[in-house]
Amino acid sequence: MNIIFRPGEAPDTEQLATIIRETSGGLVDFILKGVVPFVSPLQLLTAQVTDEESLYYYGNCMVAADEGELVGLLLAYSWEDQKLSTLAKRYLPKKRLQIISELLESADQDSLFINTLWVGETMRGQGLADAFIDLACSWAEDKGHSRLSLHVWEDNSRARRFYTRHNFEQTKALAFPPHKLLRIPAECCKCARSSNERTAHIAHRRHRGSGAGTGTRMLRPRRDAFPAGARRSPIGQDQQAMQGAGSNCEPHGARRP
């Protein structure tokens with residue numbers, strides 16, 4: 001194993017779009033389905049990943065790769081950008097827009113908003129999610145933000161335990177009515193934390209699926225492994241053994257088409 005932390009790149013586009021959609025619990029399809037006739041939600045999302053003006057832009061991503069395969073993803077951006085897009089306001093049906101508007105404008109002030117935190121199944125329990133949280137803290141500080149904020153499905157108990165261990169605190173619940181495009185009726189609770197280990201607040205959503213688990217190895221990226229810089233950080237198996245957690249925590253309630 002030779003894990004590399006690096007910024008997202010254009011060749012990652014299809015993998016990134018697939019990961020984001022699959023971990024959203026149906027939310028991507030809920031937002032994007034029917035926005036453009038005869039274009040699938042995945043096709044629209046893939047286009048957004050290459051768009052510098054989109055929240056999903058690969059330049060907002062930090063990935064972990066092993067032998068060229070993506071095994072982890074952190075998608076994050078400044079809290080001011082967590083809002084409804086012009087595309088959504090123009091084309092999304094009014095009823096769907098009302099359902100998601102609060103969710104899509106719920107980032108904590110002065111925070112780095114974590115849209116997606118995902119770890120591949122083969123890497124869960126290896127401390128990769130812990131490394132991404134450390135990276136997010138440094139990234140927030142570099143951007144001048146004092147906090148981290150995110151969403152997680154309410155019934156994703158393993159993910160909630162993971163975020164609690166990292167000092168996130170729930171601050172609000174956001175309800176979703178049943179809808180055929182959502183895998184289950186959803187409930188999102190808003191929460192966050194400080195980026196310098198003081199305290200926190202996060203948002204969590206209801207979704208049945210896997211989340212954070214316990215492990216025995218911590219992987220730590222270097223501070224220079226940020227999207228703002230192109231340097232890469234190799235992480236091998238000889239890292240100090242310690243209690244960690246893997247995660248596909250699916251903090252996705254913040255999607256914007």
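**Basis.** I am working on a predicted model, in which local features need pLDDT of at least 70 and side-chain atom pairs count only at pLDDT 80 or more, while totals for chains, interfaces and linings use all residues. Residues are numbered from 1 along each chain as its sequence is written, and side-chain values use heavy atoms, with hydrogens and water left out.

**Whole chain.** I recorded 7 helices and 11 strands; these are DSSP runs numbered from the N terminus, with helices being H or I of at least four residues and strands E of at least two. Of the 257 residues in the chain, 57% are buried. Among contacts (heavy atoms within 4.5 Å) between residues at least 6 apart in sequence, 75% join residues at least 24 apart.

**Salt bridges.** I counted a salt bridge where a side-chain nitrogen of Lys or Arg lies within 4 Å of a carboxyl oxygen of Asp or Glu. The structure holds 6 of them.

- Arg 6 pairs with Glu 9, the closest N and O atoms being 3.6 Å apart; Glu 9 is partly exposed, at 27% relative accessible area.
- Arg 21 pairs with Asp 29 at 2.9 Å, N to O. Asp 29 counts as buried at 17%, whereas Arg 21 is partly exposed at 29%.
- Arg 160 pairs with Glu 154 at 3.3 Å, N to O. Arg 160 is partly exposed at 28%, and Glu 154 is partly exposed at 22%.

I also found that salt bridges with shared partners join Arg 6, Glu 9 and Asp 12 into one network.

**Helix α3.** Which residues of α3 are buried? In this helix, residues 41-49, I listed Pro 41, Leu 44, Leu 45, Gln 48 and Val 49. Seen down the axis, they fall within an arc of 145 degrees, so they line one face of α3; the arc is that of the directions from the helix axis to the C-beta atoms. An α-helix has 3.6 residues a turn, so residues three or four places apart point the same way. The cover over the buried residues of α3 includes α1 (13-22) and α2 (27-32).

**Helix α7.** Here I found Ala 159, Phe 162 and Tyr 163 buried. They cover an arc of only 95 degrees around the axis, which puts them on the same side of α7. The face turned away from that buried side carries the exposed residues Arg 161 and Thr 164. After α7 comes Asn 167, whose phi is positive, near 70 degrees.

**His 166.** Where does His 166 sit? I placed His 166 in the loop between α7 (157-165) and β6 (169-175). His 166 is buried, with a relative accessible area of 9%. Not counting residues up to four places away in sequence, His 166 touches Asp 130, Ile 133 and Arg 193. With Asp 130, the His 166 side chain makes a side-chain polar contact of 2.7 Å. A polar contact is a pair of N or O atoms within 3.5 Å; within protein, one must be able to donate a hydrogen and the other to accept it, and residues adjacent in sequence count only if both atoms are side-chain atoms.

Methods
Buried means under 20% relative accessible area, exposed over 50%, partly exposed in between (1.4 Å probe, protein chains only).
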